[in-house]
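Please keep the 3D view open and find each residue as it is named.

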Amino acid sequence: MKHPRQPVPLYIALAVLTFAAVMSLSVSTNAAEPPPTTTASAAPSTGDGALFTAFVSVLRHPRCMNCHSRGDFPRQGDDGHPDAMNVRRGPEGHGVTAEKCSTCHQDHNLVGAHLPPGAPNWALPTPTTPMIWQDLTDAQICRSIKDPKQNKNRSLDQLVEHLTQDKLVMWAWNPGQRRTPIPMPHEEFVAKVKQWQAAGATCPTDTDKRAKLDVQGQ
């Protein structure tokens, strides 16, 4: 004897339909979502010298390079021509005989378009540590400024202090009338130098044939 089939209760049918609808919506949503992507960090690597190259343009600027160039004399102008007064480095970097740096350069800029600039301790590096950067690669400049034999026996802390606080260095941001100042803001330069120091003061690697030259021989 067959028993009549009992109808499915309404609440069960509604539950099944609701579950099926939710599962269908979940599958559709997952298919529409794009796969996750990863983005590279914009921060420079701390191990490849990028933190140094971020501020080396300041060291290459004429306001700095005119006293860190080849030769036994200072240069002037954005084109780096020899000083018009034919001044020589001298045994201590302050000139020779009557042609001392202090003869024309005071501890401040003189007001006027063609009058001498000035800052405390105006001088060239000494002959024993001339700190010549002209024609060096970024890597060679980095190594030379960190080398106590070439940077007046400065430790890394003393080097950073010199770069960021020395009045003569800071003059480059306020060089007087008709002279091009360092374009990078001083606060930005200081921050980049200190970031380089905090990350271990890594130097970049040499990338061209000039890197084969010995810095000491230059």
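**Notes on a predicted model**

1. In this predicted model, helix α7 (residues 156-165) and helix α9 (residues 186-198) have axes that come within 10 Å and cross at roughly 170 degrees. Because angles over 145 degrees count as roughly antiparallel, α7 is roughly antiparallel to α9. Two packed helices are described by the angle between their axes and the distance between the axes.

2. On the α7 side, the residues that meet α9 are Leu156, Asp157, Leu159, Val160, Leu163 and Thr164, and their partners in α9 are His186, Phe189, Val190, Val193, Lys194, Trp196 and Gln197. Sorted by class, this contact of α7 with α9 has 8 nonpolar, 3 polar and 2 charged residues.

3. Which residues have the most contacts inside the largest nonpolar core? That core has 31 residues, and the ones with the most contacts inside it are Phe52, Leu59, Trp133, Ile141, Ile145, Phe189 and Trp196. At least two residues of this core come from each of α2 (50-53), α3 (56-60), α4 (62-65), α6, α7 and α9. In soluble globular proteins, nonpolar side chains tend to be buried together.

4. Once residues up to four places away in sequence are set aside, Phe52 touches Leu59, Asp138, Ile141, Cys142, Ile145, Trp196, Thr202 and Pro204. One of these, Cys142, is taken up in the next point.

5. How many disulfides does the model contain? The count comes to 1 disulfide, which joins Cys142 to Cys203 with an S to S distance of 2.0 Å. The torsion about the S-S bond of this pair is about -80 degrees, so the disulfide is left-handed. The two cysteines belong to distant parts of the chain, 61 residues apart, with Cys142 in helix α6 (residues 138-146) and Cys203 in the segment after α9. Both Cys142 and Cys203 are buried.

6. Cys64 counts as buried because its relative accessibility is 11%. For Cys104, the closest cysteine sulfur is in Cys101, at 9.2 Å, and this too is too far for a bond. Cys104, at 29% relative accessibility, counts as partly exposed.

7. The backbone deserves a careful look at two places. Most residues other than glycine have a negative phi. Met131, although not a glycine, has a positive phi of about 50 degrees, and its place is in the loop between α5 (101-104) and α6. Asn153 is likewise not a glycine and has a positive phi of about 65 degrees, in the loop between α6 and α7. Are these two residues buried or exposed? Met131 is buried, with a relative accessible area of 15%, whereas Asn153 counts as exposed at 59% relative accessibility.

8. Finally, His68 lies in the loop between α4 and β1 (75-76), and its relative accessibility of 13% means that His68 counts as buried. Leaving aside neighbours within four places in sequence, His68 is in contact with Pro125, Pro130, Met131, Ile132, Trp133 and Gln134. Among these partners is Met131, the residue whose positive phi was described in the previous point.

Key. Residues numbered from 1 in each chain as written. Predicted model: local features only at pLDDT ≥ 70, side-chain atom pairs only at ≥ 80, totals over all residues. Heavy atoms only, no water. Axes fitted to C-alpha atoms, helices over the stretch in contact; angles between N-to-C directions. Helix = DSSP H or I, 4+ residues; strand = E, 2+ residues; numbered from the N terminus. Parallel < 35°, antiparallel > 145°, perpendicular 65-115°, else oblique. Contact = heavy atoms within 4.5 Å. Nonpolar A, V, L, I, M, F, W, Y, C, P; charged D, E, K, R; others polar. Disulfide = S-S within 2.5 Å. Buried < 20%, exposed > 50% of the residue type's maximum accessible area, 1.4 Å probe, protein only. Core = buried A, V, L, I, M, F, W, Y, C linked by side-chain atoms within 4.5 Å.
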